Amino acid sequence: MLLLSLVMMVWACGQTSRSTSSGQDDEIEKILSGLSLEEKVGQMTNLTLTTIASDDNPDRAIVLDSAKMHDVFIKYHVGSLQNVMSGAYGFEQWRTLIQSLQDYTLQKTRHKIPFLYAIDAVHGANYLLGGTQFPHNLGLAATRNVRLVESAAKITAAETRASGIRYNFSPVLDVGRNQQWSRLGETFGEDTYMVREFGKASIRGYEGDSQVNTAHVAACMKHYIGYSVPENGKDRAPAYIPEIVLREYFLPQFQDAVNMGARTLMVNSGEVNGVPVHASKFLLTDVLRGELGFEGMVITDWQDILKMHERHLVASSHKEAVYLAVEAGIDMCIVPFDFRFTEDLIELVQEGRISESRIDASVRRILTLKKQVGLFENPNVELDLATYFANPEYKEVALQAARESLVLLKNEEGTLPLSRNQKVLLTGPTANTVTALHGAWSYTWQGYKEALYPDEIKTIKDALPAAQYVPSIEFHEKEEKVFDLNQVLRAARNSDVIVLCLGEISYAETPGNIPDLAFPENQKELIAKLSQTGKPIVVVLLEGRPRIIREIEPMMDGLVAGFWPGSQGAQAVADVLYGDFNPSGKLPITYPRYSGTLSTYDHKRLDEAAEIDDPYKYYYEFKPQYEFGHGLSYTSFEYGQVNVNADTITSDLKVSISITNTGDRAGQEVVSLYTRDHYASITPSVRRLRRFVKIDLKPGETREIDFTLTKADVSFVNQQLKTVFEEGHFDIMIGPGLKTVYWK
Ligand code: BGC
């Protein structure tokens, strides 16, 4: 509570006016009317920092190149830049860079339109040295703590804005329904309702309630739409999503974000049903603008116009690709290395293939965004915001988020928490590295450049100083170093318990592609050898997606999973292992048992059909390694009966239940409400999450929880692609309890 209120104080400051692009804004119209075609197209162009600077000197100081700056800002009138070169920069370095570029724009360009800088601050200010790094979204979703997620986003916004940047390419609203996809860790998990709730919390945190005031940044809901379910499990591979599925699972979170006023949207780099989303007028204009009512700015993803020509093969030239994307509905293009987009678009307008009014519509939205983030009012780096950077309170929030994100998956009688009297052997590839705690987008895009991480960030080895650390396998950047295992085995025999840290080397996007979810062989061999010592083994598993542990899980006495828990992750692991924090994380995904069976929790009944006996007797089974929502605690909770306002209901359903902490430790419990529709015109899912709330309970304490569901909550997309409510029986399920109601 204290933390949250401190965090809230930070953004009670000056505000800039909010304008929408629907009502005419005279200031913007005036600027627009004075711009040449070239200047307008320049506003639609977004380039990366390398186009004007270099940082390849030993101290990584950014060196601006005046000839390149002239080309970018004067010749091509480029209105926005983004990203880093070799990695994160310090606070003052960012401020100086942004201010120099802004000075240049304001002094040398004809209209002095402030330029806009954008960054991927996707799990905290991850490109800012000394900035706070939270768990990635998958870890945040494991916390089931909406307020914490909002706080993390607020802190991210405050630090980003203080560093001079007012536009953040976050949050990811993709639903993580393919466990092999290398960006699963960036999602809020496999459930649409969770993505909706955490997505809204993030946008609130980034943008503030209604104003992008001086502690906030413009958010970017991404990646619209259908990116997260590539058919072959690889990044940017084709997805095939029937419209009924697209509308049921992938669209609602974008509708919510639009309703909240999220300022911008980034397009999915991939293709859906054979059409690159960047070329889909249906998705980018008819659905997004027409149905969802989005008025903000649409930005492409990285190089995606070029890719329509070179990779998707739907455009026979770069220019055709520009035509397709602009006509489909994009406003700004992350080109990001050259001026081809700019030149081709100018030609297309001059040839009369694209109208200037179409260009005006995009530029109007871009100028509106610049105004909304306060650049017209004050284009300069806001020096007085320095206190928003590296506030010690932020670390506490990051620590709390990391703790709550850890999921205790297994705890054989008495293994955890550890006692301080036990002799602990610590080993394994993720024990002595900070990179596996952070994952993607951490100081660098891929996150594995150890040298860029600040010294104060702890590894698990640092956080467990009393344990004896003996290296077995170590991750160094992208490589593995393998040590003499005899020494490890000797130490194991001498210990009371082994803490074995396993998992993945950090990766992001396409470099993170894997052929299947198989667990690394050498790590499997390591645990197999250690298990022969007969000592209890507690595994700490750090990963961005669920690698298959079926064969080695029986060797684990305790298992704590962390999904890229961030800069306080090591301390959080130590706190959970020793019981200084009672774990409360819940799986945000289904942990699969087999690489070939990747169902989500809300699958259909036929997904469970396992076997058939003559004559036509089916057996149903759903047996993942661990179910969505699974997560143990060091205390125990007892659920009362599920109570409803009536057995037959005609309007809202009111549900209540009591929960008691029956153990002897304080703990947090996530109370989740699922529904199951008995019969429906579209095959119902076995269950769908409709509500969740996280509560604190002292030993012996009981709390009554109330939920209200409306018909909209149990509606679904039907064959006519309409979202409908169908009368019938519904099971209402909370914990072990179930109550059936008739809803009409
Ligand atoms: C990613 C986006 C990111 C963009 C800009 C792309 O490769 O797909 O999520 O925002 O790069 O860095």
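Is aspartate 360 buried or exposed? Aspartate 360 counts as buried, because its relative accessibility is 16% and buried means under 20% relative accessible area, with exposed over 50% and partly exposed in between (1.4 Å probe, protein chains only).

Some ground rules. This is a predicted model, where local features need pLDDT of at least 70, side-chain atom pairs count only at pLDDT 80 or more, and totals for chains, interfaces and linings use all residues. Residues are numbered from 1 along each chain as its sequence is written, and side-chain values use heavy atoms, leaving out hydrogens and water.

Back to aspartate 360. Its place is helix 15, residues 356–372. Helices here are DSSP runs of H or I with at least four residues, strands are runs of E with at least two, and both are numbered from the N terminus. Aspartate 360 is in contact (heavy atoms within 4.5 Å) with Leu32 and Lys40, leaving aside neighbours within four places in sequence.

Next, the core. A nonpolar core is a set of buried Ala, Val, Leu, Ile, Met, Phe, Trp, Tyr and Cys residues joined through side-chain atoms within 4.5 Å. The largest one has 143 residues. Trp94, Tyr224, Ile330, Phe341 and Leu345 touch the most other members. Helix 7, residues 146–162, gives the most to this core: 8 residues. Take phenylalanine 341. Beyond its neighbours within four places in sequence, its contacts include Met44, Ile305, His318 and Ile330.

Now the ligand. Arginine 183 has a side-chain N or O atom 2.7 Å from a ligand oxygen. For arginine 236, a polar side-chain atom lies 2.8 Å from an oxygen of the ligand. Glutamate 509 also places a side-chain N or O atom 2.8 Å from a ligand oxygen. Of the 310 Å² of accessible area that the ligand has on its own, the protein covers 97%; such areas come from the Shrake-Rupley method with a 1.4 Å probe.

Last, the backbone. Most residues other than glycine have a negative phi, and most peptide bonds are trans. Lysine 222 and histidine 223 are joined by a cis bond, omega about -5°. Histidine 223 lies in strand 7, residues 220–224. Alanine 390 has a positive phi of about 50°. It sits in the loop between helix 15 and helix 16 (392–405).

Conventions:
Polar contact = N/O pair within 3.5 Å; in protein donor to acceptor, adjacent residues only side chain to side chain.
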